[in-house]
Amino acid sequence: MLTLTQSDPASLTQLGQVRSLPIASQWALRLAYLLYIWSARSRTRAALRRLDSSRLADLGLSPGAARSEAAKWFWTR
């Protein structure tokens, strides 16, 4: 049985590439993967908003660049 975790989106990708699945299942898996990506972006950007300038410097980001990234919508790269 396939178990998905936040650290294992590759499992979902591999399952979506199985050609023996019905088309509705393939679309459902693609949608699930898209929702996973959007959720991860949203969480990451929310965490970025909470970092102070010294932690941003550790990441090599300026406060302006961090604000710009954190302001993006979850569906944008």
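**Reading the fold and a helix contact**

Tutor: Begin with burial. Of the 77 residues of the protein, 14% count as buried. Keep in mind that this is a predicted model.

Student: What does the accessible surface of the protein come to?

Tutor: It comes to about 5900 Å². Carbon and sulfur atoms hold 61% of that surface.

Student: How many helices and strands make up the secondary structure?

Tutor: Count the elements, then read their order. There are 4 helices and 0 strands. Along the sequence the pattern is α-α-α-α.

Student: What share of the contacts joins residues 24 or more positions apart?

Tutor: Start from the contacts with a separation of 6 or more. Residues 24 or more positions apart account for 43% of these.

Student: Now a helix pair. At what angle do H2 and H4 pack?

Tutor: For a pair, read the angle, the axis distance and the handedness. Helix H2 spans residues 23-50, and helix H4 spans residues 63-70. They pack at about 145°, with axes 9 Å apart. The crossing of H2 and H4 is left-handed.

Student: Which residues of H2 and H4 meet?

Tutor: H2 brings Arg 45, Leu 48 and Arg 49. H4 brings Ala 66, Glu 69 and Ala 70. By class, the residues of this contact are 3 nonpolar, no polar and 3 charged.

Student: Take Arg 45 in helix H2. Is Arg 45 buried or exposed?

Tutor: Compare its relative accessible area with the cut-off. Buried means under 20%. Arg 45 has 6%, so Arg 45 is buried.

Student: Which backbone oxygen does the side chain of Arg 45 reach at 2.5 Å?

Tutor: That of Trp 73. Then look for other polar partners. A polar atom of the Arg 45 side chain also lies 2.9 Å from the backbone oxygen of Thr 76.

Student: Which residues does Arg 45 touch, not counting those up to four places away in sequence?

Tutor: Arg 45 touches Glu 69, Ala 70, Lys 72, Trp 73, Phe 74, Thr 76 and Arg 77.

Student: What does Ala 66 touch, leaving out residues up to four places away in sequence?

Tutor: Ala 66 touches Leu 48 and Leu 56. Ala 66 and Arg 45 are 21 residues apart along the chain, and their C-alpha atoms are separated by 8.7 Å.

Key:
Residues numbered from 1 in each chain as written. Predicted model: local features only at pLDDT ≥ 70, side-chain atom pairs only at ≥ 80, totals over all residues. Heavy atoms only, no water. Helix = DSSP H or I, 4+ residues; strand = E, 2+ residues; numbered from the N terminus. Buried < 20%, exposed > 50% of the residue type's maximum accessible area, 1.4 Å probe, protein only. Contact = heavy atoms within 4.5 Å. Areas by Shrake-Rupley, 256 points an atom, 1.4 Å probe, with all protein chains shown as cover. Axes fitted to C-alpha atoms, helices over the stretch in contact; angles between N-to-C directions. Left-handed = near helix turned anticlockwise from the far one by under 90°. Nonpolar A, V, L, I, M, F, W, Y, C, P; charged D, E, K, R; others polar. Polar contact = N/O pair within 3.5 Å; in protein donor to acceptor, adjacent residues only side chain to side chain.
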